[in-house]
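Visitor: I'd like to learn how to read a few features in a structure like this one. Could you walk me through them?

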Amino acid sequence: MIQLPRAWVTRRRCLAVLALTLLSTTAAFPGASARSETAPLWTGTWEAAPSGTAPELPDASIRNVVHTSVGGVAARIHVSNRLGTAPLRLDAVTVALRRPGPNAGPDALPGSVRAATFGGAASVTVPVGEDRVSDAVDFRVPADSDLLVTVHALAGSGPATFHETALQTGFVAQSAQRAADADGAAYTRTVSHWYYVSGVDVLRPSDAGSVVAFGDSLTDGTGSTPGTNHRWPDRLSQRLSALPESRRPGVLNAGIGGNRLLLDGTGPNALARLDADALSRGGVRTLIVLEGINDLIVAPSQRDPAAYARAYRQIVARAHALGVRVIGATLTPLGGHKLWSPERESVRQEINTLIRGQLFDAVVDFDAVVRDPARPARILPAYDPGDHLHFNDVGMKALADTIDPVLLGG
């Protein structure tokens, strides 16, 4: 067993006690502002924005694999019933370190499983349309690591609020309460979604806060290799790991494949979900907005650039009211995609002109970086996974490399 220095152990315990005594033990979203009820040292390290519902898995334990950005000396877990139709009854929620190795599956590192409580109780009922946040868990979370967040939902909880495009394999133990198992032998079924869990925060001795990447499938990671954490927000987090720990922010991915800026699509529209998925997240300091391409290409198509500008201004105003800086990202090319047209390309260019103007605190020009100089309406072939819209692993890295850490406060 690794022996930690006595000073570190004492410091860890003190911070955990600070968490337990100073922080609210539960919170409901939307409607509750994290800035008004959380200590400054709580930082979001991972997020999955609820995007829809899946049929419930009655009496099953679901082991979600999540990848942290920054680490800390305590954790708390966000669970969601935001899109459900019946009260969600969870009788066990645990967090653990995933056992390392090239064939890592549902096994936890022995001795690392910790139970999360809610108001001191092992169980929690989450009303329809709401989220809950666990009490502080005395659990050392490493940066850039895989956690296993396991939930057991009682039968009758109704459709499960989930994040559809996880690009990460999860595991299910059928008809069994196995949330506390370190051995993953009972987890015989695999899933490709994140169920019920919408975030993980860590307590850390840094006020660098977090950055929320807010967008659609381009941010959600479509086109990147599953299981590799190569979405552009992941790539950004990897870049930021070169910063001193005191200046490295957490990076949260609030992308939803199929999401829209102006209208509901997959998940609520950007304005409707802004508070729950971005502005109420732990320690959020900066918001990066890449939203609008689905409004342009998916029926009913929205082709008034002024409508986009009004929505962007609303996002900025609401963020500024909470002291959050907003970076706008230009809409990337889609020439060659089945939904491209010359008219839509003209509107995209007009929207990008507005984004490059005075709407945001700063701009990252994704369009300029990924477009093919020989055919500016298309993305570079080296970045194209084949659908002429999304980005492969190389393209995701190019997007992340566009962002100057100075813009993020780093």
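**Reading burial, bridges and strands**

Guide: Let's start with one side chain: Arg132 is buried, at a relative accessible area of 16%. Buried means under 20% relative accessible area, exposed means over 50%, and partly exposed is in between, using a 1.4 Å probe and protein chains only. This is a predicted model, where local features need pLDDT of at least 70, side-chain atom pairs count only at pLDDT 80 or more, and totals for chains, interfaces and linings use all residues. Residues are numbered from 1 along each chain as its sequence is written, and side-chain values use heavy atoms, with hydrogens and water left out.

Visitor: Which residue does Arg132 form a salt bridge with?

Guide: First the rule: a salt bridge is a side-chain nitrogen of Lys or Arg within 4 Å of a carboxyl oxygen of Asp or Glu. Here the partner of Arg132 is Glu130, with the closest N and O atoms 2.9 Å apart. Glu130 is partly exposed, at 25% relative accessible area.

Visitor: How many salt bridges does that rule give?

Guide: The count comes to 24. One of them joins the side chains of Arg281 and Glu47, at 3.5 Å from N to O. Arg281 sits in the loop between helix H5 (270-279) and E17, and Glu47 in strand E1 (residues 42-47), so the pair ties together parts 234 residues apart in sequence. Those labels are DSSP runs numbered from the N terminus: helices are H or I with at least four residues, strands are E with at least two. As for burial, Arg281 has a relative accessible area of 4% and is buried; Glu47 is buried as well, at 2%.

Visitor: Where do Asp401 and Arg239 lie in the chain?

Guide: That pair forms a salt bridge too, its closest N and O atoms being 3.7 Å apart. Asp401 is in helix H10 and Arg239 in helix H4, 162 residues apart, and the pair links distant parts of the chain. Asp401 counts as partly exposed at 35% relative accessibility, and Arg239 counts as partly exposed at 30%. Elsewhere, salt bridges link Glu345, Arg348, Arg356, Asp365, Asp367 and Arg371 in a network.

Visitor: Back to helix H4: why is it largely enclosed by the rest of the structure?

Guide: An α-helix has 3.6 residues a turn, so residues three or four places apart point the same way. In H4 (residues 232-240), seven of the nine residues are buried, so the helix is largely enclosed. The buried residues are Trp232, Pro233, Asp234, Arg235, Leu236, Ser237 and Leu240. They pack against strands E15 (210-215), E16 (250-255) and E17 (284-290), along with helices H3 (217-220), H9 (366-370) and H10 (393-401). Contact here means heavy atoms within 4.5 Å.

Visitor: And how do I read strand pairing? Which strands are joined to E5 by bridges?

Guide: Two strands pair if DSSP finds at least two bridges between them. Strand E5 (residues 88-97) is mostly covered, with eight of its 10 residues buried. Seven bridges join E5 to strand E9 (residues 146-153), running antiparallel, and there Val93 has Val151 as its bridge partner. Strand E7 (residues 124-126) is also antiparallel to E5, with three bridges; Leu90 stands opposite Val124. Strand E6 (residues 114-115) is joined to E5 by two bridges, again antiparallel, and Val95 stands opposite Arg114.
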